[in-house]
Amino acid sequence: MQELREALANGDVAMHYQPIIDLASGTIVGFEALMRWQHPERGWIPPDVFIPLAEQSDLILELGSFALKTAMAAASTWKATNPNVGLPYVTVNLSAHQFHDPGLISLIRQELESSAISPERLILEVTESVALADIAETLNIMDELNRLKIGIALDDFGTGYSSLSYLAALNPKIIKIDQSFVRPKHDKKRSDTLLEAIVSLGNKLNMTVLAEGIETPAQLDRLHNLDCDLGQGFLWSPAVPVQEAIDMLAQSPEG
Ligand code: C2E
Ligand code: CA
Ligand code: CA
């Protein structure tokens, strides 16, 4: 833990950016910011190893505020790919701790000011299980975020408690369908039926539906045919350093 604290202080923790693609046009509409720890001896340590560790202390709040600051500063350097598509947005993952942190709103206000990006260009990713664990508190936080014009993406959708009755009340801007439905390991037929149902549910509730973890053209075709709006995955690109994200925007097909 001490090592991670030092890594953050020494600049060995970085944010990388994975493009989010509009499936109809192929245009990049935004990027998800994903944290990376470059360890001097052990090499690259993935976030699902160190984030749960950090969650056990206040270090998660420091990492979280680093993620927000860095991602919003990066977004302020991004240009539109074409005049018909707005400036790309950035989505930032929030841990449970951070989502419930009373200082979250003031931190966001402060960073909106210093990065000078418009609030519509920041989307906060909260997992379905965190958002639906305490629905009353979540609705309060959502109220404040709505006032700031900041949207929520419901992450790992389909793997949490799936309190469907609360989905409409929560009204997230985006629902992110978990990779396990996009690349099922077993029971493919059933997963595909669930995939179809989730896309249709999101569409009927007028939410933007995003499928995560698209790796093959066949998976892309299937999702496009189901009328899924957005996608992310290795088919296009993994998360890359900010300069590569900027280069990618310059090459994005006009949509
Ligand atoms: P997540 O938010 O569900 O992020 C998606 C993960 O899927 C990322 O892993 C991404 O690199 C990976 N991925 C994207 N496309 C594909 C694909 O086509 N195939 C496969 N196999 N994987 C794909 P990553 O970057 O290792 O992050 C893992 C988890 O760590 C994230 O899951 C998120 O829960 C957490 N995390 C990452 N960055 C942050 C952060 O800044 N703050 C917090 N609180 N959590 C973070
Ligand atoms: Ca995420
Ligand atoms: Ca996810």
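## Basis of the description

In this predicted model, local features need pLDDT of at least 70 and side-chain atom pairs count only at pLDDT 80 or more, while totals for chains, interfaces and linings use all residues. Residues are numbered from 1 along each chain as its sequence is written, chains are lettered from A and ligands numbered from 1 in the order in which they are written, and side-chain values use heavy atoms, with hydrogens and water left out.

The calcium ion (ligand 2) is held by Glu32 (OE), Asn93 (OD1), Glu125 (OE) and Asp155 (OD), at 2.1 to 2.3 Å. Such donors are N, O and S atoms within 2.8 Å of the metal (3.2 Å for Na, K and Ca); water is not among the atoms, so sites may look incomplete. Along the chain, the donors of this ion have the spacing E-x60-N-x31-E-x29-D. Two of them link distant parts of the chain: Glu125 lies in strand 5 (residues 122-127) and Asp155 in strand 6 (residues 151-157), 30 residues apart. Helices (H or I, at least four residues) and strands (E, at least two) are DSSP runs, numbered from the N terminus.

Glu125 and Asp155 are both buried. Buried means under 20% relative accessible area, exposed means over 50%, and partly exposed lies in between (1.4 Å probe, protein chains only).

Asp156 is partly exposed, at 26% relative accessible area, whereas Glu212 is buried, at 8%.

## The nonpolar cores

A nonpolar core is a set of buried Ala, Val, Leu, Ile, Met, Phe, Trp, Tyr and Cys residues joined through side-chain atoms within 4.5 Å. The largest one has 71 residues, of which Tyr17 and Ile108 touch the most other members. Helix 3 (residues 59-75) supplies the largest share of this core, nine residues. A second, separate core of nine residues includes Ile20, Val29, Val85 and Ala153.

Not counting residues up to four places away in sequence, Ile108 touches Leu68, Met72, Leu122, Leu124, Leu145, Leu148 and Ile150; contact means heavy atoms within 4.5 Å. Leu148 sits in the loop between helix 7 (135-147) and strand 6, and is buried at 14% relative accessibility. With residues up to four places away again left out, Leu148 touches Ile105, Ile108, Arg109 and Pro119.

## Parallel strands

Strand 7 (residues 174-177) pairs with strand 8 in the parallel sense over four bridges; two strands pair if DSSP finds at least two bridges between them. Lys176 has Leu210 of strand 8 as its bridge partner. Strand 8 also runs parallel to strand 9 (residues 230-231), joined by two bridges, and there the bridge partner of Leu210 is Leu230.

Strand 8, helix 11 and strand 9 form a right-handed β-α-β unit. Right-handed means that, with the strands pointing away from the viewer, the path from the first strand over the helix to the second runs clockwise.
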